[in-house]
Amino acid sequence: AAAWQLVTMYWTAREHGLNRLASGEMEYSLLHRDPEREHVPAMLAHGIGLLPYYPLASGFLTGKYRRGDAMPDGGRLTRFQRYSDRFMTAMNWTRIENLEAFGKARGHSLLDVAIAWLAAQPVVSSIRLAWAGVFTSPFPTRVMVRTCRRRWLITDQSPSPPIAWAR
C-alpha cells in the first residue's frame, strides 16, 4: 500500500473504533531504503511498525558473495537468476564492498552490519531471518536481543555506515 493508504487505514480504524494497523511488511534493507521516503515517516507518526522482507537482500548482505568469485552453491542468488539480476547490480556491489570495509574496520562482518542497521531503525518492529546458518559469530544473537531496545549502534563514533548513493 502507498503511505497515504496506510494513514487512511489508520484513521479509518481510529474513527470507527476498530483495531488499528499495527505493522506493515515491505522490502527494507541497507540496499533497499525506498520506504524511508514516505512510508517510514508515516509509520513513525502513527505508531505502525515495519516488518522488513528481504532484510538481507536475498542473501547478498550475508557476506558470502564476492565480486568476481564463483557463486556459492545453494544460495538464493545462485539458484534463482531473477534474484541475482535484481540485487547483484554494479551499484550494489560497490555498496557491499563499502559496508564490508566499514564492518571490518570495527571488527564486524557484513552480516553484523546489516542486522545491526535494521535493529537500530526505530520503525523496525521485528527482524525475521529465513536461515540462521549464515551466522559465523555470536554477534547477531546479541543484536537480536538488543532489537527490542530499538537504538543499537555498531560504534559510538560511527552510528551510520558511510554509503554514498543518490536518493
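Tutor: Start with glutamate 36. At 18% relative accessibility, glutamate 36 counts as buried. Buried means under 20% relative accessible area, exposed over 50%, and partly exposed in between, with a 1.4 Å probe and protein chains only.

Student: What kind of model is this, and how are residues numbered?

Tutor: It is a predicted model: local features need pLDDT of at least 70, side-chain atom pairs count only at pLDDT 80 or more, and totals for chains, interfaces and linings use all residues. Residues are numbered from 1 along each chain as its sequence is written, and side-chain values use heavy atoms, with hydrogens and water left out.

Student: Back to glutamate 36. Which residue does it form a salt bridge with?

Tutor: Arginine 33, with the closest N and O atoms 3.1 Å apart. A salt bridge here is a side-chain nitrogen of Lys or Arg within 4 Å of a carboxyl oxygen of Asp or Glu. Arginine 33 is partly exposed at 21% relative accessibility.

Student: How many salt bridges by this rule?

Tutor: The count comes to 6. Another one of them joins the side chains of arginine 128 and glutamate 25, at 2.4 Å from N to O. That pair links distant parts of the chain, 103 residues apart. Arginine 128 is in the loop between H6 and helix H7 (139-146), and glutamate 25 is in strand E1 (residues 23-27).

Student: How are helices and strands assigned?

Tutor: They are DSSP runs, numbered from the N terminus: helices are H or I with at least four residues, strands are E with at least two.

Student: What does arginine 86 pair with?

Tutor: Glutamate 27, in a salt bridge of 2.1 Å, N to O. Arginine 86 sits in helix H4 and glutamate 27 in strand E1, 59 residues apart. Arginine 86 is partly exposed at 40%, whereas glutamate 27 is buried at 7%.

Student: Zoom out. How many helices and strands?

Tutor: The protein has 7 helices and 2 strands. Along the sequence the pattern reads α-β-α-β-α-α-α-α-α. Of the 167 residues, 45% are buried.

Student: And the largest nonpolar core?

Tutor: It has 35 residues, and Phe60 and Leu61 have the most contacts inside it. Helices H1 (3-15), H2 (39-46), H4 (81-87), H5 (90-104) and H6 (110-119) each supply at least two residues of this core. H6 gives the largest share, 8 residues. A nonpolar core is a set of buried Ala, Val, Leu, Ile, Met, Phe, Trp, Tyr and Cys residues joined through side-chain atoms within 4.5 Å.

Student: How many residues of H6 are buried?

Tutor: 10 of its 10. Among them are Leu110, Asp112 and Trp117.

Student: New topic. Which residues gather in the positive surface patch?

Tutor: Lys64, Arg76, Arg79 and Arg82. Patches take residues with over 30% relative accessible area and no salt bridge; like charges are joined within 9 Å, nonpolar side chains (Val, Leu, Ile, Met, Phe, Trp, Tyr) within 5 Å.

Student: Where is lysine 64?

Tutor: In the loop between strand E2 (49-53) and helix H3 (76-79). Lysine 64 is partly exposed, with a relative accessible area of 33%.

Student: Last one: where is glutamate 97?

Tutor: In helix H5. Glutamate 97 is partly exposed at 34% relative accessibility. The C-alpha atoms of glutamate 97 and glycine 63 are separated by 9.5 Å, and the two are 34 residues apart along the chain.

How values were computed: Areas by Shrake-Rupley, 256 points an atom, 1.4 Å probe, with all protein chains shown as cover. Lys, Arg positive; Asp, Glu negative; His and termini not counted. Charge placed at Lys NZ, Arg CZ, Asp CG, Glu CD.
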